[in-house]
Amino acid sequence: ININLASIQDNSTDNSSNNNNNNDLVLEYFREAVGVELDDESIERLPTWSQIESLIGDKPVLLGLERCNDFRNDVPPLRRMLGSSGMFNSGTNLVTRLM
């Protein structure tokens with residue numbers, strides 16, 4: 001699944017009267033990814049899109065880019081290793097295989 005976080009508009013608030021509208025986007029992606037229908041109780045327990053964004057942000061975070069030049073200058077090409085890292089279930093296995 002390719003989810004472009006930057007293209008998603010969230011005009012919702014986190015109050016309970018608007019909870020179903022907030023869950024619509026999350027539920028849509030859940031259905032697409034997992035392929036099952038949830039019961040009403042499970043749907044109510046889904047986080048809102050704004051809650052998800054507040055936890056993980058709206059774009060990838062790349063740490064250490066300011067050190068790339070130092071790395072290239074200090075480590076000979078044959079001693080360099082490439083790898084990926086990230087939180088559980090964030091696509092690191094796929095990224096590693098694609099590298």
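Which residues make a nonpolar surface patch of about 310 Å²? The answer is L82, V95 and M99, and we'll come back to them below.

## What you're looking at

This is a predicted model, where local features need pLDDT of at least 70, side-chain atom pairs count only at pLDDT 80 or more, and totals for chains, interfaces and linings use all residues. Residues are numbered from 1 along each chain as its sequence is written, and side-chain values use heavy atoms, with hydrogens and water left out.

The chain has 5 helices and 0 strands, so by DSSP runs (helices are H or I, at least four residues; strands are E, at least two; numbered from the N terminus) the pattern along the sequence reads α-α-α-α-α. Of its 99 residues, 13% count as buried. Buried here means under 20% relative accessible area, with exposed over 50% and partly exposed in between (1.4 Å probe, protein chains only).

## The aromatic pair

Searching the whole structure turns up 1 aromatic pair. Its partners are Y29 and W49, tilted, at 5.8 Å centre to centre with 40° between the planes. Y29 sits in helix α1 (residues 19–34) and W49 in helix α3 (residues 49–56), so the pair ties together parts that are 20 residues apart in sequence. For the cut-offs, rings of Phe, Tyr and Trp (its six-membered ring) pair if their centres lie within 6.5 Å; planes under 30 degrees apart are stacked, over 60 edge-to-face, and the rest tilted.

Both Y29 and W49 are buried. F30, also found in helix α1, is partly exposed at 26% relative accessibility. Between F30 and L46 there are 16 residues in sequence and 9.6 Å in space, C-alpha to C-alpha.

## Charges

There is 1 salt bridge in the structure, meaning a side-chain nitrogen of Lys or Arg within 4 Å of a carboxyl oxygen of Asp or Glu. The side chains of R31 and E37 make it, at 3.0 Å, N to O. E37 counts as exposed at 59% relative accessibility, while R31 is partly exposed at 36%.

D39, D40, E41 and E44 form a surface patch of negative charge. Asp and Glu count as negative and Lys and Arg as positive, with His and the chain ends not counted; each charge is placed at NZ of Lys, CZ of Arg, CG of Asp or CD of Glu. One of the four, D40, lies in helix α2 (residues 40–45) and is exposed at 65% relative accessibility.

## Back to the nonpolar patch

Patches take residues with over 30% relative accessible area and no salt bridge, joining like charges within 9 Å and nonpolar side chains (Val, Leu, Ile, Met, Phe, Trp, Tyr) within 5 Å. Areas come from the Shrake-Rupley method with a 1.4 Å probe, and for residues only the protein chains shown count as cover.

L82, a member of the L82, V95 and M99 patch, is in the loop between α4 (68–74) and α5 (92–98). L82 is exposed, with a relative accessible area of 69%.
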